[in-house]
Amino acid sequence: MGYKIAVAGATGNVGREMLNILSERGFPADEVVALASSRSLNTEVSFGDKTLKVKNLENYDFSDTDICLMSAGGAVSLKWSPKIGAQGCVVIDNSSAWRYDADVPLIVPEVNPDAITGFSKRNIIANPNCSTAQLVVALKPLHDVARIKRIVVSTYQSVSGAGKDGMDELFNQTRAVFVADPIESKKFTKRIAFNVIPHIDVFMEDGYTKEEWKVLAETKKMLDPKIKVTCTAVRVPVFIGHSESVNIEFESEMTAEQAREILREAPGCLVIDKHENGGYVTPYESAGEDATYISRIREDATVEHGLNIWVVSDNLRKGAALNAIQIAELLVARGLIKAKKQAA
Ligand SMILES: NC(=O)c1ccc[n+]([C@@H]2O[C@H](COP(=O)([O-])OP(=O)(O)OC[C@H]3O[C@@H](n4cnc5c(N)ncnc54)[C@H](OP(=O)(O)O)[C@@H]3O)[C@@H](O)[C@H]2O)c1
């Protein structure tokens, strides 16, 4: 007997990708239920070669559901995740609502799988922010060898990170530029078509944005609280795939060749690093793929033990849906969850 899985936010960018990945990876599910808001009631979403009719999250009874993959935003998660967890259904949440709660593990399976045992306090597990997920996949194997002291991260984040409305806005503005229609900005604070915007999420008191703070707080929670992190997060007119330029300062020596060898063997990482035209990965090529790609590995001679790397991944997959499903697979592989129907 397999598990009963609910995907909450099934009509969204991440939810649709979750349904694709559950099917692609043959997750041991007997039943998959698609949930969203009342706006989407009875619309259809694809799951493998089937279609599922969307049900309303508000009226759904989770008492016979084993895992809820939640990607319906922070406010919905704050309201519903504790109620769902209290019905004995483990919530794997994609929003930032629970990530910094000491009683909620924040997990990237390649990085801190052992932290998952803490999930039973609230029956909630948090998935990191998309930029942090790919970042820590690339940093962990290097940190294990030469201990990272400090990182400077600059992100180049695609519009799909802002949901389906973000993708629509880039499409509509691009079209409007070509046909000389007026440009409307609703989702982003400035025009995104043929532009870049150094502002993601809200401003904090110290002048950083919440997105930049998330990279800092989540890297510390998952990898090592001693690592110093500074970040500039930028939205770019790319549909799918986040890129990051990362400057790393280690405690001990880490040559570019050593880093290449370590990352070639590391789980979830794929090194594409040829010093020639096109010998690196761009976000366009990462879309639809599972790997975290690392390119442009080179030493930074301006500090002792410095390295620069370029990290690219599909934000809807490793940055969200894939990571959430890997967490569900970890629960199953470690025997931390029993199918309710089997147990009954
Ligand atoms: N996109 C990324 O790269 C990424 C990465 C990591 C984490 N996340 C997080 O994942 C979550 C979803 O992101 P997304 O990009 O998929 O957003 P999205 O494309 O805007 O989709 C939002 C989903 O939430 C549903 N929803 C909204 N309000 C609801 C309510 N009151 N009750 C039930 N369902 C409701 C929507 O259903 P309707 O269609 O019925 O409105 C839709 O299915 C967010 O918390 C986001 O921060 C996203």
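The legends below accompany close-up views of a predicted model.

**View 1. Residues listed under "binding site" in the UniProt record.** The unreviewed UniProt entry lists T11, G12, N13, V14, R39, S40, S160, G161, P182 and N315 under this heading. These positions span 305 residues of sequence, and they are spread in space as well, with up to 29.9 Å between C-alpha atoms. From this set, P182 belongs to the lining of the second largest pocket.

**View 2. P182 in the loop between α4 and α5.** Helix α4 covers residues 163-179 and helix α5 covers residues 210-222, and P182 lies in the loop between them. The relative accessible area of P182 is 70%, and P182 is therefore classed as exposed, the cut-off for that class being over 50%. P182 is also one of the positions that the UniProt entry lists under "binding site".

**View 3. N315 and the residues around it.** The loop that holds N315 runs between β14 (306-313) and α8 (317-333). N315 has a relative accessibility of 2% and so counts as buried, since the cut-off for a buried residue is under 20%. Leaving aside residues up to four places away in sequence, N315 touches C130, S158, S160, G161, I240, G241, H242 and A320. The side chain of N315 reaches the backbone nitrogen of G241 at 2.8 Å.

View 4. N129 is placed in the loop between β8 (124-126) and α3 (130-146). With a relative accessible area of 5%, N129 is buried. When residues up to four places away in sequence are not counted, N129 is in contact with R99, E211, K214, V215, E218 and G319. Of these partners, E211, K214, V215 and E218 fall within the residue range of α5 (210-222), and G319 falls within that of α8 (317-333).

**View 5. Strand pairing of β13 with β12 and β14.** Strand β12 (residues 269-271) runs parallel to β13 (residues 292-300), and three bridges join the two strands. L270 has Y293 in β13 as its bridge partner. The pairing of β13 with β14 is antiparallel and comprises six bridges. Within β14, W310 is the residue opposite S295. Five residues separate the strands in the hairpin of β13 and β14, where H305 adopts a positive phi near 55 degrees.

Technical notes: Residues are numbered from 1 along each chain as its sequence is written. This is a predicted model: local features need pLDDT of at least 70, side-chain atom pairs count only at pLDDT 80 or more; totals for chains, interfaces and linings use all residues. Side-chain values use heavy atoms; hydrogens and water are left out. UniProt positions are given in the numbering used here, feature names are shortened, and annotations may be inferred rather than shown by experiment. On a 1 Å grid over the protein atoms alone, a cavity is a set of points where a 1.4 Å probe fits but cannot get out, and a pocket is an open set with protein on both sides within 12 Å along at least five of seven lines; lining residues have an atom within 4 Å of a point. Helices (H or I, at least four residues) and strands (E, at least two) are DSSP runs, numbered from the N terminus. Buried means under 20% relative accessible area, exposed over 50%, partly exposed in between (1.4 Å probe, protein chains only). Contact means heavy atoms within 4.5 Å. A polar contact is a pair of N or O atoms within 3.5 Å; within protein, one must be able to donate a hydrogen and the other to accept it, and residues adjacent in sequence count only if both atoms are side-chain atoms. Two strands pair if DSSP finds at least two bridges between them.
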